[in-house]
Amino acid sequence: MITLKINGQQKNWDGDPDLPLLWFLRDEAGLTGTKYGCGQALCGACTVIVDKQAVRSCITSVSDVVGREVTTIEGLHPTGDHAVQKAWRQLNVPQCGFCQVGQIMQAAALLTENPKPTHDQIREAMAGNICRCGCYQRIENAVHLASTGV
Amino acid sequence: MNIITNPRKLRGFERYVKVDNVSRRSILKGLGLAGGFVLAAPVMSRPALAAYKTGAGEMPHGTVVDPRVFVAIAPDGIVTIVAHRAEMGTGVRTSLPMIVAEEMEADWSRVRVQQAHGDEVKFGNQDTDGSRSTRHYLMPMRQIGASARTMLETAAAKRWGVPATEVKAVNHEVVHSASGRRIGFGDLAADAAKESVPSVEGLRLKDPKDFRYLGKGQISMVDLRDITVGTARYGADVRLPGMKYAVIARPPVTGGKVASFDGAAAMKVSGVEKVMEVKGWPWPSKFQPLGGVAVIARNTGAAIKGRDALKIVWDDGANGKYESVAYRAELEAAARKPGLVVRKEGDVEAALKGADKVIVGEYYLPHLAHVAMEPPVAVADVKGDKAEIWGPVQSAGGTREDVAKTLDIPQENVTVNVTLLGGGFGRKSKCDYAIEAALLSKELGAPVKVQWTREDDVRNGFLHTVSVERIEAGLDKSGKVTAWRHRSVAPSIASTFAANTVHQAPFELGMGLVDMPFEIANVQCENPEAAAHTRIGWFRSVSNIPRAFAVQSMVAELAHATKRDPKDMLLELIGSPRIVKLDSVKDLWNYGEPYDSYPIDTARLRKVVELVAEKGGWGRSVPKGHGLGIAAHRSFVSYIATIVEVAVDDKGKLTVPRVDTAIDCGTFVNPERIQSQIEGTAIMGLSLAKHGAITFKDGKVQQGNFDDFPVIRMDEAPAVTNVYIVPPGPDTPPSGVGEPGVPPFAPALINAIFAATGKRIRALPIGKQLEA
């Protein structure tokens with residue numbers, strides 16, 4: 001039996017300890033905000049925050065996060081009004097929206113680590129998150145907006 | 001109009017209310033008889049009339065103009081408007097209901113959007129592709145809204161005992177200004193529902209100067225908040241009680257099948273419940289599944305791990321020798337010989353022989369995969385002779401038909417629930433994944449989710465075709481182009497529907513080949529034969545991508561050969577402002593639109609070139625190693641021109657400091673979403689130009705994920721993309737937005753690279769071609 005702490009809540013798992021956290025979150029815990037995009041940490045759609053760091057849940061096993069705090073989009077902010085979320089809405093960032101949760105989690109972790117990133121730092125930090133619709137210009141601007149106060 | 005307290009009950013309400021289907025043809029006829037309806041630029045005040053026809057009536061099931069199908073008002077005043085097209089990022093789930101709300105004077109903050117299930121008899125055509133939604137539905141949605149408004153006004157007038165002409169709907173109320181009385185939509189709903197639906201011919205549409213929403217770009221997507229908090233529901237987010245999770249190992253070669261398999265090791269994986277062969281159809285079979293071996297598990301992770309442990313022997317079949325290097329040589333050889341003539345003006349052979357100079361360009365574009373961020377996925381629950389599907393499908397109606405046919409049950413027994421699409425790009429026009437889920441659910445007697453992995457998506461999809469475009473242009477002594485021969489060779493999408501297809505279909509020939517707009521005396525377009533060896537499908541912008549790449553590269557090559565400015569050369573080739581006549585083209589497709597409403601108008605093409613040149617600073621001086629390129633193209637009956645600025649450093653590293661694009665998409669609904677689409681097409685265009693290649697060896701796709709099929713990331717993205725939308729003429733009908741941005745990007749980029757480096761790239765992707 002493995003016990004995980006997700007969004008402040010205890011979750012138990014008695015199956016495969018190597019199960020990727022992504023599938024535990026989505027299929028076992030019903031937290032479907034976190035998305036599957038590639039399964040190989042190439043696209044960032046599955047990004048969650050573990051302790052304070054952005055982590056790709058598709059290549060992180062459930063046993064890797066025992067004893068650590070996992071935050072998903074569902075737990076990012078109680079009313080969904082994290083500065084990054086607000087900036088995203090203000091700039092109408094998404095198109096299809098599928099990658100946006102991963103982008104938002106990555107951006108939130110970036111701003112925790114570096115509250116005032118430069119545009120170059122934003123582009124570098126966000127380069128692991130693919131948006132096939134191509135919302136990058138707005139993502140970059142939204143991260144900047146979130147860092148300067150929405 | 002329908003009165004309900006719970007919008008969820010909207011589905012199925014046709015059982016209680018008779019729904020008249022106003023056929024598309026009768027609407028068009030009505031338009032003609034009535035002398036037309038108001039269509040004015042959203043930003044202009046213009047009461048004048050202007051009729052326009054679209055090809056909507058030629059689509060399966062046409063359009064339905066009936067407020068009782070699309071609008072419901074609850075007693076509390078909440079207005080529910082049905083979105084019957086699929087949302088994949090264009091904003092259509094917001095834009096079309098917004099048109100209805102505009103015309104019916106509903107207050108957007110009190111509007112809820114309800115996604116339609118798949119039912120084209122009820123809702124009209126739902127196949128969301130071809131950049132058609134706004135151009136086919138602007139007018140029907142206005143008519144639906146105007147009908148609903150008229151019913152509300154009539155009901156209020158009756159209640160007050162005043163003539164209907166004295167009352168007016170204003171922002172969710174009907175007002176009688178003479179007496180100062182007013183009554184809310186919610187209070188009127190029950191009475192309004194008893195009113196008969198007014199005839200389309202007699203409808204009074206709003207004067208565009210009174211528009212609150214249309215053309216303004218002030219309304220955010222209805223799903224915006226849900227997307228940012230993770231509650232937006234995509235296909236994979238559907239969870240049903242007792243649902244099983246499945247992944248499928250599919251034949252790696254198109255047309256292949258399972259020879260034998262051993263599932264023992266897979267069954268030992270924790271969480272795996274079952275391993276079973278699933279039915280496949282011989283190729284080609286439209287959108288039917290490929291078959292293979294399914295692993296059923298308690299979660300997706302276990303199913304994937306189980307699939308990795310399968311031992312399968314495949315029978316590859318006839319396509320086992322498909323190999324991309326050899327195939328390219330085949331296409332090139334075909335392009336160097338005469339082929340089926342699909343357009344002919346003058347005598348191109350004689351004109352080329354008599355030319356002072358002949359410039360030849362041969363351009364290659366490989367297969368591409370869609371790689372929408374959400375790979376294909378669907379949930380099915382089949383019980384007896386009934387099936388319910390949940391999934392991200394572009395064509396809900398088509399999915400319903402195909403699932404019914406596959407399960408051999410009546411269409412009425414199939415319910416298709418459309419989730420949000422995590423990107424579509426044409427891939428999700430094909431519902432094979434939904435059929436797979438239905439077949440597995442039927443076998444297992446339980447709800448099943450079939451999840452495609454990224455590798456499945458890349459290796460087992462319906463790829464963009466692979467093409468060689470060869471253009472020979474003859475110039476006279478003065479540098480004027482007098483001859484143009486374009487041979488286009490590529491396996492056709494029709495090969496996915498019919499065996500032994502070797503020529504492209506009219507809808508492919510009509511995307512940038514036979515509709516070439518240049519003013520040249522001798523023109524010949526040819527389509528030599530090409531056989532398919534994999535599943536070919538629609539990919540955003542389709543054949544326009546290779547055609548615009550070839551034609552617009554050739555323009556710059558001609559400019560270079562004649563020492564002209566590329567923009568001047570482009571404008572000279574486009575020629576005088578005129579409607580292009582294409583009398584020699586049989587079956588001119590024109591994106592399914594009537595040519596009189598949507599002709600090739602070179603004045604509009606010139607206009608976007610001139611606008612982007614002005615706004616984008618064509619001719620401005622740029623730093624060393626930088627260059628500007630320009631390209632223009634008409635597709636999906638819209639006109640678009642792009643300027644790309646590139647920088648290439650001494651190691652060949654390519655960056656894009658700036659992109660400028662001008663689009664003329666006629667009368668528009670939501671400029672904010674148009675801007676976002678064009679920003680996105682710059683990224684997709686850069687992705688395919690810089691990195692995009694799916695290649696085959698031994699019949700198998702050699703790529704599998706974003707490591708070997710890369711797409712543009714933020715650190716490679718253009719620093720700035722500027723978008724300019726041409727204000728529509730008063731009578732200009734709406735045209736496509738979702739796709740037209742892609743085609744001109746690659747040639748503008750390639751032309752900019754030439755300007756920066758002197759290197760002319762004729763085969764995409766760029767890959768390492770710029771490295772010293």
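Two residues are in contact if their C-beta atoms, placed from the backbone, lie within 7 Å. In chain A, 62% of the contacts with a separation of 6 or more are between residues 24 or more positions apart.

## Basis of the model

This is a predicted model, in which local features need pLDDT of at least 70, side-chain atom pairs count only at pLDDT 80 or more, and totals for chains, interfaces and linings use all residues. Residues are numbered from 1 along each chain as its sequence is written, while chains are lettered from A and ligands numbered from 1 in the order in which they are written.

## Chain A

Chain A has six helices and five strands. Helices (H or I, at least four residues) and strands (E, at least two) are DSSP runs, numbered from the N terminus. Read from the N terminus, the order in chain A is β-β-α-β-β-β-α-α-α-α-α. Chain A has a radius of gyration of 15 Å, close to the 15 Å that the globule rule gives for 150 residues, so it is as compact as a globular protein of that length. The radius of gyration is taken over C-alpha atoms, and the globule rule is 2.2 Å times the number of residues to the power 0.38.

The C-alpha trace of chain A spans about 45 × 25 × 25 Å along its principal axes. Of its 150 residues, 61% count as buried. A residue is buried if 20 or more other C-beta atoms lie within 10 Å of its own, exposed if 12 or fewer, and partly exposed in between, with C-beta atoms placed from the backbone.

## A helix pair in chain A

Helix H3 (residues 83–90) and helix H4 (residues 100–113) of chain A have axes that come within 9 Å and cross at roughly 130°. Axes are lines fitted to C-alpha atoms, for helices over the stretch in contact, and angles run from 0 to 180 degrees between N-to-C directions. H3(A) and H4(A) are therefore oblique to each other; angles under 35 degrees count as roughly parallel, over 145 as roughly antiparallel, 65 to 115 as roughly perpendicular and the rest as oblique. The crossing of H3(A) and H4(A) is right-handed. A crossing is left-handed if the near helix is turned anticlockwise from the far one by less than a right angle, and right-handed if clockwise.

On the H3(A) side, Val84(A), Gln85(A) and Trp88(A) make the contact, and on the H4(A) side Gln100(A), Ile104(A), Ala107(A), Ala108(A) and Leu111(A) do. Sorted by class, the contact of H3(A) with H4(A) has six nonpolar, two polar and no charged residues. Ala, Val, Leu, Ile, Met, Phe, Trp, Tyr, Cys and Pro count as nonpolar, Asp, Glu, Lys and Arg as charged, and the others, Gly among them, as polar.

## Chain B

Chain B contains 20 helices and 27 strands. Its radius of gyration is 27 Å, close to the 28 Å that the globule rule gives for 772 residues, so chain B is as compact as a globular protein of that length. Taken along the principal axes, the C-alpha atoms of chain B fill a box of roughly 80 × 70 × 45 Å.

Of the 772 residues in chain B, 59% are buried. Where contacts in chain B join residues at least 6 apart in sequence, 81% are between residues at least 24 apart.

## Where the chains meet

In the interface, 49 residues of chain B are in contact with 47 residues of chain A. Helix H7 (224–229), helix H9 (300–308) and helix H19 (671–690) of chain B are the elements that give two or more residues to the side of chain B that touches chain A. H19(B) gives the most, with seven residues. That side of chain B has 21 nonpolar, 17 polar and 11 charged residues.

## Local backbone features of chain B

The peptide bond from Trp283(B) to Pro284(B) is cis, with omega near -5°. Pro284(B) is in the loop between strand S10 (272–278) and strand S11 (292–297) of chain B. Leu764(B) and Pro765(B) are also joined by a cis peptide bond, with omega about 0°, and Pro765(B) lies in the segment after helix H20 (745–757) of chain B.

Asp587(B) is not a glycine but has a positive phi of about 55°. This residue lies in the loop between helix H17 (566–574) and helix H18 (602–615) of chain B. Tyr591(B), found in the loop between H17 and H18 of chain B, has a positive phi near 55°. Asp587(B) is exposed, with 12 other C-beta atoms within 10 Å, whereas Tyr591(B) is buried, with 23.
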